[in-house]
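This report looks at aromatic rings and at one helix. Have the sequence and the 3D view at hand while reading.

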Amino acid sequence: MNIQPRPFDHPDAVKLNDMVQLEYAERYGDGGDVTPLDATMFDPPRGLYLLAYDEQDRPVATGGWRGQEENEEGYSDGDAEIKRMFVTAEARGQGLARRILAALEADARAAGRTRMVLETGDQQPEAIALYTSSGYTPCPKFGHYRTYDSSICMAKSLTGPV
């Protein structure tokens, strides 16, 4: 697998984003994740967007982080928020999400971010298991879905031992 930084609006990123939106809609019975995002939110050094490609150079996984500061949506200064973690069905079970997550954490740490945060949902047990096994713990809700019962927010310190 080949993991590469790409803009959030790169055609391969758009393709995978469309796929994850369909999966969200299926799992939650709605229109997908409507959190406002634009490509500049992931521009280094205040973010990073990664795509993983298989041996045939097909995009099969994605994930990004964007910097956040304290605001009315419940973020804290120094936060790096994970967005659009996704692995296509045919590429699951190969550790791609874990590799992308580790790369995002390392990049956010190098950019001076102090805490990695994420929001997932109660219909995504695979995501919850990944994040829990990677050291994330529940935290006060933040972000676009902070008032939803199905929303699960988690955080991990980026300071201290790696």
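## Aromatic rings

One aromatic cluster is formed by Phe8, Phe42 and Tyr49. The model is predicted: local features need pLDDT of at least 70, side-chain atom pairs count only at pLDDT 80 or more, and totals for chains, interfaces and linings use all residues. Residues are numbered from 1 along each chain as its sequence is written, and side-chain values use heavy atoms, with hydrogens and water left out.

Rings of Phe, Tyr and Trp (its six-membered ring) pair if their centres lie within 6.5 Å; planes under 30 degrees apart count as stacked, over 60 as edge-to-face and the rest as tilted. By this rule there are six aromatic pairs. Among them is Tyr131 with Tyr136: the ring centres are 5.7 Å apart and the planes stand at 65 degrees, so this pair is edge-to-face. Tyr145 and Tyr148 are also edge-to-face, because their centres are 4.8 Å apart and their planes are at 70 degrees.

Buried means under 20% relative accessible area, exposed over 50%, and partly exposed in between (1.4 Å probe, protein chains only). Tyr131 has 6% and is buried; Tyr136 has 2% and is buried. Tyr145 is buried at 12%, whereas Tyr148 is partly exposed at 42%.

## Helix H3

Helices (H or I, at least four residues) and strands (E, at least two) are DSSP runs, numbered from the N terminus. In helix H3 (residues 125-133), the buried residues are Ala127, Leu130 and Tyr131. They span an arc of only 90 degrees around the axis (taken from the directions from the helix axis to the C-beta atoms), which puts them on the same side of H3.

Just after H3, Gly135 has a positive phi of about 95 degrees.
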